[in-house]
Amino acid sequence: MTDSTPLEAALATISQGRATARIEGDRASIILDVTGIEAAEHKAFEARVRAAALAVPGIASVRIALTSQRTRRLSIAVASGKGGVGKSTVSANLAVALKAGGRRVGLVDADIYGPSQPKLLGVEGSQPTAKEKVLQPVATPFGVPLLSMGMLVAPDQAIAWRGPMAAGALGQMMDANWGDADTLVLDLPPGTGDVQLTMIQKHRPAGAVIVSTPQDLALIDARRAIDLFKKAGIPIIGLVENMAGYACPHCGEVSDPFGKGGAEAAAADLEIPFLGRIPLDIAIRTASDAGQPPASGNLPEAAAFTAIGDAVLRWINDGG
Ligand SMILES: Nc1ncnc2c1ncn2[C@@H]1O[C@H](COP(=O)(O)OP(=O)(O)OP(=O)(O)O)[C@@H](O)[C@H]1O
Ligand SMILES: [Mg+2]
């Protein structure tokens, strides 16, 4: 078939090339691709296409089906070899920084034993609803919708959760109604256990950010986490050094009780990018405890997180 039919010709302009049409007798069946068009516009768009089709001589009835390709959603895992190095702090602030950089971001808190994102994002006690068994993420004041293991399980039950239950909850969070989010940040539990494996094998994050402290790097935990992702073929976006140096609460000067440059050297040694360092800073902890991620304000502490956000944005824009 080379020439277009009168129906196709009539639809070409009005449908912006989004229509595929088939005619049987005097009935036209049209598939309309509405990917990227706001839901509120769908009815009007469909009506215009229907009117154009009905105006074609010989067509008496028109059936239209709308389709939409899911937007490609990229997920970024934030992981570490051991606990307490600041994964959750980095995840929350990375999500806020990516949002400020123009991404549409959602946050998944997959840490079943220590879910902390509801507190970090100021929505402690909020519960997600479910529509037709699909979870609806909780809105946060920072424009980053959130789902947390802590919302799905009572704190005193967490310890009784077994691997398969955790994997099921993880799946529900990943398949939730994230709307038009194009980026999910995944706050993982520490180490290399069941949740990490399920995440890697089933949900295939586009890349991983590894968080470590200067001391952690001297040990082999961070390397183990890096290895887990590398072996699974998940790209390492880079290494964040947290609690790197101590920011004096009085003068702001950063001193380095554990020496300086170790993480950057370790990253080079491991052949992974170094994304930046975040000082150990009381203001970071107090803002975090108050549900105000430092990246969301104009505290001086925001700068370190913004720089890491920018590095991750560059990674995404380079093809993620
Ligand atoms: N750069 C920093 N300066 C000061 N305090 C920090 C910094 N980073 C994290 N913290 C604090 O350290 C504690 C642990 O951080 P966080 O919960 O982010 O670590 P985590 O790696 O997610 O821990 P877990 O392994 O338990 O999930 C928190 O109280 C947090 O506010
Ligand atoms: Mg955590």
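Which of the 17 residues around ligand 1 come nearest? Select Gly84, Lys87, Ser88, Thr89 and Pro279: these come nearest to ligand 1. A residue is near a molecule or strand if one of its heavy atoms lies within 4 Å of it.

Before moving on, the ground rules. This is a predicted model, where local features need pLDDT of at least 70 and side-chain atom pairs count only at pLDDT 80 or more, while totals for chains, interfaces and linings use all residues. Residues are numbered from 1 along each chain as its sequence is written, chains are lettered from A and ligands numbered from 1 in the order in which they are written, and side-chain values use heavy atoms, leaving out hydrogens and water.

**Stop 1: ligand 1**

Stay on Ser88. One of its polar side-chain atoms sits 2.8 Å from an oxygen atom of ligand 1. Then pick Asp281. Here a backbone N or O atom is 3.0 Å from a nitrogen atom of ligand 1. A polar contact is a pair of N or O atoms within 3.5 Å. The protein covers 78% of the 630 Å² of accessible area that ligand 1 has on its own (Shrake-Rupley method, 1.4 Å probe).

**Stop 2**

Select 19–24 and 61–67, strands E1 and E3. Helices (H or I, at least four residues) and strands (E, at least two) are DSSP runs, numbered from the N terminus. The three strands form an open sheet in the order E1-E2-E3, with mixed pairing. E1 and E3 are its edge strands, each pairing on one side only. Neighbouring strands are turned by 15° against each other on average, direction ignored. Click Ile30: its bridge partner in E3 is Ile64.

**Stop 3: helices on the sheet**

Show 6–14, helix H1. H1 lies across E1 and E2, at about 155° to E1. Axes are lines fitted to C-alpha atoms, for helices over the stretch in contact, and angles run from 0 to 180 degrees between N-to-C directions. Now show 42–54, helix H2, which lies across E2 and E3 at about 145° to E3.

**Stop 4: Ile37**

Find Ile37 in the loop between E2 and H2. Not counting residues up to four places away in sequence, Ile37 touches Arg18, His42 and Phe45 (contact: heavy atoms within 4.5 Å). The C-alpha atoms of Ile37 and Ser68 are separated by 9.0 Å.

How values were computed. Two strands pair if DSSP finds at least two bridges between them. A polar contact is a pair of N or O atoms within 3.5 Å; within protein, one must be able to donate a hydrogen and the other to accept it, and residues adjacent in sequence count only if both atoms are side-chain atoms.
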